[in-house]
Amino acid sequence: MGLRNRRERHHCWMVPPRQVTASQQQEGGDLIEPRKLPNPILASHQHRALHQELLLCHRRGLLPREKPELQRVLEHKQREQHKQRELALSPPSDLEVKLRIRRQRIQVYELEEKKRSESLQNLPEFVRVKGTLRRIQTFS
């Protein structure tokens with residue numbers, strides 16, 4: 001893109017006001033033609049200078065190496081989700097299988113203990129006390 005093309009390019013902050021001829025004024029009368037409002041951010045000289053500097057630094061590779069915190073957190077979450085998908089697709093190892101089986105056995109055992117304790121609570125008190133007493137040995 002040559003220098004000539006760059007000058008011919010029009011931006012919203014560089015568009016000159018439309019020239020109205022006398023014949024157009026007579027036809028339109030009191031009507032005002034609407035125009036697109038300029039974007040104050042893009043029209044700002046500071047914003048344009050900052051944008052040019054960022055583009056120049058990006059081309060040269062001089063941008064700071066540290067990413068914004070929000071972008072780092074987003075990338076970390078995406079990596080974690082990717083790892084979880086990979087783990088879900090891969091078959092579980094022998095250790096994981098044995099740990100899962102052991103966890104299931106423990107859960108079953110805890111459920112049985114809970115049922116047993118509930119059934120003991122429903123028994124009368126004298127039956128529970130009798131079960132806890134030691135057997136007395138009698139001498140004959």
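**Figure 1. Glu113 and Arg116 are joined by a salt bridge.** The closest N and O atoms of Glu113 and Arg116 are 2.5 Å apart in this predicted model. That distance falls inside the 4 Å limit for a side-chain nitrogen of Arg and a carboxyl oxygen of Glu, so the pair counts as a salt bridge. The count by this rule comes to one. Glu113 and Arg116 both belong to helix H6 (residues 94-122), and because they are three residues apart, about one helical turn separates them. An α-helix has 3.6 residues a turn, so residues three or four places apart point the same way. Glu113 has a relative accessible area of 30% and is partly exposed. Arg116 is also partly exposed, at 43% relative accessibility.

**Figure 2. Helix H4 spans residues 45-60.** H4 contains 16 residues. From its first C-alpha to its last, H4 reaches 23 Å, which is close to the 22 Å expected at 1.5 Å a residue. Gly61 follows H4 and has a positive phi, near 80 degrees.

**Figure 3. Leu120, Leu123, Phe126 and Val127 make a nonpolar surface patch.** The patch covers about 370 Å². One of its members, Phe126, is found in helix H7, which runs over residues 125-132. Phe126 has 62% relative accessibility; exposed means over 50%, so Phe126 counts as exposed.

**Figure 4. The protein chain holds seven helices and zero strands.** This view places the close-ups in the whole chain. Along the sequence, the pattern is α-α-α-α-α-α-α. Of the 140 residues in the protein chain, buried residues make up 0%. The protein chain exposes about 15000 Å². Carbon and sulfur atoms supply 56% of that area.

How values were computed
Residues numbered from 1 in each chain as written. Predicted model: local features only at pLDDT ≥ 70, side-chain atom pairs only at ≥ 80, totals over all residues. Heavy atoms only, no water. Patch = residues over 30% accessible without salt bridge, like charges linked within 9 Å, V, L, I, M, F, W, Y side chains within 5 Å. Areas by Shrake-Rupley, 256 points an atom, 1.4 Å probe, with all protein chains shown as cover. Helix = DSSP H or I, 4+ residues; strand = E, 2+ residues; numbered from the N terminus. Buried < 20%, exposed > 50% of the residue type's maximum accessible area, 1.4 Å probe, protein only. Expected span 1.5 Å × (residues − 1).
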